[in-house]
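The sequence and structure come before the text.

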Amino acid sequence: MQKTRHIARVIKSQPTLEGAGVHLKRAFGFGNTDLFDPFLLLDDFRSDNPAHYMKGFPWHPHRGIETITYVIDGQVEHGDSLGNSGVISSGDIQWMTAGSGIIHQEMPRGDNAGRMGGFQLWANLPSDEKMTQPRYRDVTQDQIPEVVLDNGTSIRIICGHAYGKQGPVQDIFIDPSYLDIRMPPGQVFTHPTQQGHTVFAYIINGQGVFDPDAIASSAQDDDDTANMISNETLVLFNDGRQVRVSTINTAVRFLLISGKPIREPVAWQGPIVMNTQEELRIAFEEYKKGTFIK
């Protein structure tokens, strides 16, 4: 077993349309579910054009998953069939466990300059939790601890542990970690990871080197930029006990996310993810009949 994780895949996020016509970039989703298990999808909905996001995501159902929405610019207004409503603002996160079923809407609203920015991650639920009672964890930006290291690297801890601090989102079935990391130029950041867990980074600003082999290659080739990974790119790591990220002449900001694989069959159609096609059929039949909400 390697101590430091190496890069398994580098994936550039791809433009797609969702909801009522929201333009976003999809890093992964609706593909090889084994590759990112227990995660299903990651969408990047950053934009400075209100026409690309204002129509939002009108009423739609979810069952069998958790949706994690992290806003970095603007606001997202939300409401659901249980009577919950609210606004997620810059720096806030909403961790929604759809469980047995929820019908909700999410409507992005830009800031005063028209900018909207954020990410939505879908996490799968194990079979014995798919019909659990729905619940929300709404976390405001001032509830998220931040650690600043001696080298200037800052770490916002949404979920999981880092440097003796724990994120506010706890008791999640897949034992996840969700960190928002900013590194200045010319620094190295090493972070321990649980062996056997799926780990990936999504770069949201700047560029960095995400593999120690790449650092060695750059030194041999005398080309500092050859192995840089930049904005709107996902790095999926192989197994190991830590990740190591380096910056050279530029800063980098990235999300570092990990979770324990579920390793169960996945039956997926639109916003509903179950274990079998029969469970999917029942879910959509209940939705049509009005018996979806338990």
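Strand β21 pairs with β1 (residues 7-12) and with β19 (residues 198-208). A further pairing joins β6 (residues 65-73) and β11 (residues 117-124). The table lists these pairings with their bridge counts.

| Strands | Sense | Bridges |
|---|---|---|
| β1 and β21 | antiparallel | five |
| β19 and β21 | antiparallel | four |
| β6 and β11 | antiparallel | eight |

Individual bridges can be named. T233 in β21 is the bridge partner of K12, and V235 in β21 is the bridge partner of A201. In β11, F119 is the bridge partner of Y70.

Both β6 and β11 belong to an open sheet of seven strands, ordered β2-β3-β4-β11-β6-β9-β12, with antiparallel pairing. β2 (14-18) and β12 (135-139) stand at the edges with a single partner strand each, so one side of each has no neighbour in the sheet. From one strand to the next, the twist averages 25°.

As for confidence, the chain averages a pLDDT of 93, and 95% of the residues score at least 70. Over residues 216-223 the pLDDT is below 50, and this stretch has four contacts in the model beyond near neighbours in sequence. Where pLDDT is low, the predicted coordinates should not be read in detail.

How values were computed. Residues numbered from 1 in each chain as written. Predicted model: local features only at pLDDT ≥ 70, side-chain atom pairs only at ≥ 80, totals over all residues. Heavy atoms only, no water. Pairing = 2+ DSSP bridges. Helix = DSSP H or I, 4+ residues; strand = E, 2+ residues; numbered from the N terminus. pLDDT = per-residue confidence, 0-100. Contact = heavy atoms within 4.5 Å. Axes fitted to C-alpha atoms, helices over the stretch in contact; angles between N-to-C directions.
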